[in-house]
Amino acid sequence: MVDSDRTCPECQAGLEQFCSNPTYTYNFPDKHLGGVTYGGYSDSIVVDERFVLRVPSNLDHGAAPLLCAGITTYSPVRHWGVTKGKKVGVAGLGGLGHMGVKFAHALGTQVVVFTTSPKKKQDALRLGADEVVISRNADEMQKHAGSFDFILDAVSADHEISAYIHLLRRDGNITLVGAPEKPLAVSAFGLIMGRRSLSGSPIGGMAETQEMLAFCGQRNITTDVEVIPIQKVNEAYERLLKSDVKYRFSIDMASLTSE
């Protein structure tokens with residue numbers, strides 16, 4: 001986002017991501033210049049100083065998606081008090097999930113990755129997972145019943161959410177960031193029996209985003225990216241649909257001036 005109304009209770013609380021009158025980075029009505037914003041594909045952009053972020057100099061080109069995947073996963077982890085010694089699950093090892101693993105590991109938690117693909121096991125361990133569970137294996141899932149303090153659900157496809165709720169301990173939380181297209185069926189008793197909670201989370205506010213960037217700078221955390229020229233954006237989109245990317249595409253802006 002590049003602006004908000006700055007006067008609503010959410011903005012006053014430093015939670016601009018919940019502002020009811022925001023200006024998002026791309027294809028959103030520009031309140032100052034008219035037209036729409038093109039920040040996502042611009043050589044430069046002018047914004048109010050309150051919406052400028054400082055990127056630590058030691059972070060490479062993998063820093064760009066931190067402003068999307070990074071803050072989307074960092075914000076709920078911080079909000080729900082994920083700290084050293086907690087047991088954290090990450091469902092889905094993709095553009096969002098791989099950052100959830102990195103943050104949870106950096107915070108000193110016990111990290112368990114849930115995936116439908118056995119081929120992702122080694123990558124999950126490389127990223128910082130302590131264990132990988134194949135979510136289609138009922139025995140593997142049952143082994144962790146009632147043991148998680150927090151689960152980050154980064155799955156964007158339809159899936160059995162109640163199976164993950166069953167894995168939470170008393171007062172545990174599962175937060176959705178993957179945004180499946182269809183509504184998920186939730187068992188009320190899965191939440192009631194254990195006072196568990198199900199929530200969702202978008203990006204973070206400006207202060208929290210800067211905090212996330214500083215955290216990443218201190219620990220040399222960036223997203224795993226494949227840099228592409230703009231001329232390959234359609235090919236990248238087709239690969240994205242096939243989950244053929246580890247784990248984010250970043251466009252080289254210099255390619256905008258190339259043939």
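The largest nonpolar core of this predicted model comprises 33 residues, of which Leu66, Leu93, Val101, Phe103, Met212 and Cys216 have the most contacts inside it. A nonpolar core is here a set of buried Ala, Val, Leu, Ile, Met, Phe, Trp, Tyr and Cys residues joined through side-chain atoms within 4.5 Å; buried denotes under 20% relative accessible area, with a 1.4 Å probe and protein chains only. Two or more residues are given to this core by each of α2, β3 (87-91), α3, β4 (110-115), α4 (121-127), β6 (148-153) and α8. Helices (H or I, at least four residues) and strands (E, at least two) are DSSP runs numbered from the N terminus. Another core, of 14 residues, lies apart from the largest one and includes Ala91, Phe114, Ile161 and Tyr164.

Helix α8 (residues 206-219) contains 14 residues and spans 20 Å from its first C-alpha to its last, close to the expected 20 Å, which is 1.5 Å times one less than its number of residues. Within α8, Met206, Glu208, Thr209, Met212, Leu213, Phe215, Cys216 and Gly217 are buried, and the buried residues of this helix pack against α2 (69-79) and α3 (97-106). Met212 contacts (heavy atoms within 4.5 Å) Leu66, Gly70, Ile71, Tyr74 and Phe103, residues up to four places away in sequence not being counted. Just after α8, Asn220 adopts a positive phi of about 55 degrees.

Residues are numbered from 1 along each chain as its sequence is written. Local features need pLDDT of at least 70, side-chain atom pairs count only at pLDDT 80 or more, totals for chains, interfaces and linings use all residues, and side-chain values use heavy atoms, with hydrogens and water left out.

How values were computed. Buried < 20%, exposed > 50% of the residue type's maximum accessible area, 1.4 Å probe, protein only.
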